[in-house]
Amino acid sequence: MQPISSEEKKHTILVVDDEIDNVSLLKRTLRKEYNILTATSGFEGLDILASCEEEVVLIISYQRMPGMTGTEFLERSNETHPATLSILLTGYSDIDAMIDGINKCELFQYITKHWDSSELKLVVKQAIDNYQLSLTKKSLLKQLRELLYTTIQAISEALDEKDNYTHGHSKRVTLYSLILGRAMNLDTATLEKLQLAGLLHDIGKIGTPENILN
C-alpha cells in the first residue's frame with residue numbers, strides 16, 4: 001500500500017456548538033472532505049486546540065453558547081492559533097456578534113444559523129484555499145529571506161577577502177552587535193536589520209582600489 005502524501009491528507013476542522021444535533025449535522029456535511037473534531041463548548045474547544053497534535057486549519061463555531069460565546073471563544077483561540085481561520089454561525093439579529101467577530105476574532109466569514117449545505121461547503125473550501133495560499137506565501141518569503149542572507153554573506157566574505165588586514169571583520173562586528181542587541185532586548189525584526197547592517201557596513205570597500213585600502 002502506498003503511503004498517503006501530504007497533499008492527500010485531509011485538513012482538520014474544529015466544530016464547536018453546545019447543541020449535539022448541530023454538531024452532528026455539521027460533521028455529516030463536511031466529514032467526506034475534511035477531518036472533523038467536535039466540541040460542545042468554548043472551553044472544550046480551547047482544550048482540544050491545546051492538546052491536538054494535528055494542525056487545525058479552520059474553526060466553525062456557533063455564537064450563542066452558555067458560559068462562553070462564539071466570539072469570546074474565537075478571540076481566545078486566535079491568541080494561541082493566529083494562523084487558524086474561523087467561521088462564525090450566528091442568527092440574523094446578532095449584529096453585535098458579527099461586529100465583534102470582525103473586530104476581535106479576525107473572522108474569515110460569518111454565516112447565518114439557517115445555513116445551506118452547499119453554501120457552507122463553498123465558504124469552507126474558500127477558507128481552506130485561503131489557508132493554503134497563506135502557507136505558500138510564507139514558504140516563498142522564507143526562501144527569499146534565506147537567499148537574501150546567503151547573498152549578503154557572500155558579499156561580506158568578498159569584502160573581507162579584498163582587505164586581508166581586516167579579514168573576518170564584518171562577521172565579528174555582526175556578532176558583537178547581535179550580542180549587544182540581545183542584551184538591550186531588541187525585537188526580532190530589529191535584530192535582523194542589525195545583522196544585515198553588520199555584514200554590509202563596509203560595503204563601500206568593494207569598489208575601492210586596494211592601494212587606497214592598504
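Biologist: What does the accessible surface of the chain come to?

Modeller: This is a predicted model, and the accessible surface computed for the chain is about 13,500 Å². Carbon and sulfur atoms account for 54% of that surface.

Biologist: How many of the residues count as buried?

Modeller: The chain has 214 residues, and 36% of them count as buried.

Biologist: Which secondary structure elements does the chain have?

Modeller: There are 8 helices and 5 strands. Read from the N terminus, the elements follow the order β-α-β-α-β-α-β-α-β-α-α-α-α.

Biologist: How are the strands arranged in the sheet?

Modeller: The 5 strands make an open sheet with parallel pairing, and their order is E2-E1-E3-E4-E5. Strand E2 (35-39) and strand E5 (109-112) stand at the edges; each has a single partner strand, so one side of each lacks a neighbour in the sheet. From one strand to the next, the twist averages 20 degrees.

Biologist: Let us look at E3. Is it enclosed or exposed?

Modeller: Strand E3 is largely enclosed by the rest of the structure, because 7 of its 7 residues are buried.

Biologist: And how does E3 pair with E1?

Modeller: Strand E1 (residues 12-16) and strand E3 (residues 56-62) pair in the parallel sense, over 5 bridges. Within this pairing, Thr12 stands opposite Val56 of E3, and Val15 has Ile60 of E3 as its bridge partner.

Biologist: Which helices pack on the sheet there?

Modeller: Helix H2 (residues 42-51) packs on the sheet and touches E1, E2 and E3, and its direction makes about 135 degrees with that of E2. Helix H3 (residues 70-80) also packs on the sheet, touching E1, E3 and strand E4 (85-90). The direction of H3 makes about 160 degrees with that of E3.

Biologist: What about the pairing of E3 and E4?

Modeller: Strands E3 and E4 pair in the parallel sense over 5 bridges. Ile60 has Ile87 of E4 as its bridge partner. Between these two strands the chain crosses through H3, and this β-α-β crossover is right-handed.

Biologist: Which residues of the largest nonpolar core touch the most other members?

Modeller: This core has 21 residues, and those touching the most other members are Ile13, Leu26, Leu58, Ile60, Ile87, Leu89 and Val124. At least two residues of the core come from each of E1, helix H1 (20-30), E3, E4 and helix H5 (117-162). Helix H5 gives the largest share, 6 residues. There is also a second, separate core of 15 residues, which includes Val16, Leu37, Ala39 and Leu46.

Biologist: Changing topic: where does Arg64 lie, and is it buried or exposed?

Modeller: Arg64 is found in the loop between E3 and H3. With a relative accessible area of 61%, Arg64 is above the 50% cut-off, so it counts as exposed.

How values were computed:
Residues are numbered from 1 along each chain as its sequence is written. This is a predicted model: local features need pLDDT of at least 70, side-chain atom pairs count only at pLDDT 80 or more; totals for chains, interfaces and linings use all residues. Side-chain values use heavy atoms; hydrogens and water are left out. Two strands pair if DSSP finds at least two bridges between them. Helices (H or I, at least four residues) and strands (E, at least two) are DSSP runs, numbered from the N terminus. Axes are lines fitted to C-alpha atoms, for helices over the stretch in contact, and angles run from 0 to 180 degrees between N-to-C directions. Contact means heavy atoms within 4.5 Å. A nonpolar core is a set of buried Ala, Val, Leu, Ile, Met, Phe, Trp, Tyr and Cys residues joined through side-chain atoms within 4.5 Å. Buried means under 20% relative accessible area, exposed over 50%, partly exposed in between (1.4 Å probe, protein chains only). A crossover is right-handed if, with the strands pointing away from the viewer, the path from the first strand over the helix to the second runs clockwise. Accessible areas come from the Shrake-Rupley method with a 1.4 Å probe; for residues, only the protein chains shown count as cover.
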